[in-house]
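Good morning, and thank you for making the time. Please look at the sequence and the structure on the screen while I go through a few selected regions.

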Amino acid sequence: MSESAHSYSDLTGDELAGLVPELLLSGQLIDRSGMAHLISAFGRETMTKVAIEEWMAASPVYTHRMRTALGIDGDGVEDMFKCLQLDIGAPPQFMDFRYEITDKYHGSFVLDHCGALMDVEPLGDEYVTAMCHDIEDPTFDATAIATNRRARIRPIHRPPRRPVDRNPHCAWTVTIEPDREELPLPVDAEQMFTTNAAQLELSPIDATADGLVDYRGALVEDLQFAEWSHSALVRIAEEVALQHQLLALGFLISLRRYAESAEQVTEIYRKQFTGIAGLSADRLRSALRLGSDAQALAEVIRLVPVLGPRQYTGVTATIDGDDVIVDIPSDSPATHDGGWCTLLTVDHCEPLQAIGVAVEPHWTISAAETTDDGLRVRYTVGGDAQKESGEVAIARFSSGADFSFTDRGRSIPITPVASGV
């Protein structure tokens with residue numbers, strides 16, 4: 001482990017290469033944290049509406065950002081697939097997309113493994129249909145339009161699986177036709193483009209560095225992040241952390257439509273934050289092979305995506321003897337957007353406590369106070385082990401909680417079928 005990581009840029013290239021897939025998976029698990037609380041409060045139908053609306057609000061924005069960051073400037077299916085490989089909606093291996101290109105404007109993909117389906121299938125066909133039909137249709141299109149508004153993603157087959165062990169789990173075609181009507185930008189995405197998150201400047205990529213610095217080349221079967229430059233990996237990690245924040249803002253926009261009161265909005269929003277904070281911190285600590293002392297806790301806080309990227313939240317962690325002090329500024333791009341950080345108050349530090357427990361159950365929040373600049377929270381090692389919160393336990397329902405990534409070797413370019421090569 002790097003001696004003292006204050007940001008993603010302090011990690012080594014190898015550490016970043018292992019961390020980026022973890023960050024992508026963490027983003028996918030946000031819904032495992034939030035949706036159970038929606039079902040409890042409103043039922044399956046409203047949960048489905050919120051899931052659709054949050055992704056339609058966020059994905060066109062963060063896809064546009066990733067295209068810009070990595071020079072993905074084309075308008076074909078290959079460009080769309082590149083973006084999907086860097087999308088929290090499709091973390092590698094957990095959502096095992098296999099792509100095929102026919103020509104520039106035609107292609108297809110299958111999911112050899114769908115972790116989201118594995119999570120939902122035990123709940124029955126109604127929940128599977130809600131995810132694989134009701135949610136996928138509009139949200140796939142919302143993602144596609146960031147590349148080309150004439151793109152359409154349509155199913156060949158999809159769950160509920162018949163027979164029950166059908167593989168691949170689903171198959172889809174992607175077509176772009178020049179005379180087809182353009183899809184409009186979702187209304188919530190229009191609002192999202194005006195946020196600080198959408199316009200945030202992150203770390204520049206050094207175009208002269210060793211390793212890949214953009215994704216202008218061929219689409220590859222599996223992105224091997226070890227082949228990328230250090231500065232490119234830093235930027236990708238920051239963008240993926242920002243994808244977390246954008247999805248949370250999309251969740252908030254939608255939740256406000258259905259909640260009965262502002263208090264209910266805050267309650268559910270905080271539960272979502274708490275669940276993913278604990279689960280994400282646990283996986284990050286394990287991925288970076290950190291210990292359980294003050295340095296480990298400080299590094300998890302600095303790197304966990306739900307509190308980043310730092311340019312957006314301004315969250316800092318410092319070590320004070322055996323304690324860790326966290327400062328959450330009241331004036332940051334995140335607070336102005338109304339993001340997760342606004343939920344942290346003197347009386348409500350549940351997401352931070354969940355992070356502490358994930359590092360070591362004896363970490364407790366011993367003090368929280370308002371300062372001239374925001375909120376200051378102190379972690380101390382306490383006498384009694386703290387139990388994992390119910391919100392984190394709910395998020396662990398996902399098979400992603402224990403998912404392991406495997407080494408798939410080097411990147412292999414995907415050759416268009418129509419070329420005959």
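Leaving aside neighbours within four places in sequence, Ala 367 is in contact with Arg 376, Val 377 and Arg 378, where contact means heavy atoms within 4.5 Å. Before I continue, a word on the source: this is a predicted model, in which local features need pLDDT of at least 70 and side-chain atom pairs count only at pLDDT 80 or more, while totals for chains, interfaces and linings use all residues. Residues are numbered from 1 along each chain as its sequence is written, and side-chain values use heavy atoms, with hydrogens and water left out.

Ala 367 belongs to strand 7, residues 363–370. Helices (H or I, at least four residues) and strands (E, at least two) are DSSP runs, numbered from the N terminus. At 38% relative accessibility, Ala 367 counts as partly exposed. On this scale, buried means under 20% relative accessible area, exposed means over 50%, and partly exposed lies in between, with a 1.4 Å probe and protein chains only.

How far apart are Ala 367 and Gln 93 in sequence and in space? They are separated by 274 residues in sequence and by 41 Å in space, C-alpha to C-alpha. Gln 93 sits in the loop between helix 4 (77–84) and strand 1 (95–103). Its phi is near 70°, a positive value in a residue other than glycine. Most residues other than glycine have a negative phi, and most peptide bonds are trans. Gln 93 counts as buried, because its relative accessibility is 13%.

Arg 289 also has a positive phi, of about 55°, although it is not a glycine. Is Arg 289 buried or exposed? With 73% relative accessibility, Arg 289 counts as exposed. Its place is the loop between helix 10 and helix 11.

I turn to the peptide bonds. A cis peptide bond joins Arg 162 and Pro 163, with omega about 0°, and Pro 163 is in the loop between strand 3 (151–157) and strand 4 (170–176). Gly 308 and Pro 309 are likewise joined by a cis peptide bond, with omega about -5°. Pro 309 is found in the loop between helix 11 and helix 12 (310–313).

Next, the helix packing. Helix 1 (residues 13–28) and helix 9 (residues 230–258) pack at an angle of about 15°, with their axes 10 Å apart. That makes helix 1 roughly parallel to helix 9. Axes are lines fitted to C-alpha atoms, for helices over the stretch in contact, and angles run from 0 to 180 degrees between N-to-C directions. Angles under 35 degrees count as roughly parallel, over 145 as roughly antiparallel, 65 to 115 as roughly perpendicular, and the rest as oblique. Among the residues that meet are Leu 16, Val 20 and Leu 24 in helix 1, and Leu 233, Val 240 and Leu 247 in helix 9. By class, this contact of helix 1 with helix 9 has eleven nonpolar, five polar and no charged residues. Here Ala, Val, Leu, Ile, Met, Phe, Trp, Tyr, Cys and Pro count as nonpolar, Asp, Glu, Lys and Arg as charged, and the others, Gly among them, as polar.

The second pair is helix 11 (residues 294–303) and helix 14 (residues 350–359), which pack at an angle of about 130° with their axes 10 Å apart. That makes helix 11 oblique to helix 14. Ala 296, Leu 297, Val 300 and Ile 301 of helix 11 make the contact with Ile 355, Gly 356 and Val 359 of helix 14. The classes in the contact of helix 11 with helix 14 are six nonpolar, one polar and no charged residues.

Arg 285, in helix 10 (residues 262–287), touches Leu 290, Gly 291, Val 300, Ala 358 and Val 359, not counting residues up to four places away in sequence.

Finally, the core. Which residues touch the most other members of the largest nonpolar core? Of its 133 residues, these are Tyr 8, Leu 70, Phe 109, Ile 301, Val 324 and Ile 355. A nonpolar core is a set of buried Ala, Val, Leu, Ile, Met, Phe, Trp, Tyr and Cys residues joined through side-chain atoms within 4.5 Å. Beyond four places in sequence, Phe 109 has contacts that include Phe 81, Phe 97, Phe 140 and Trp 172.
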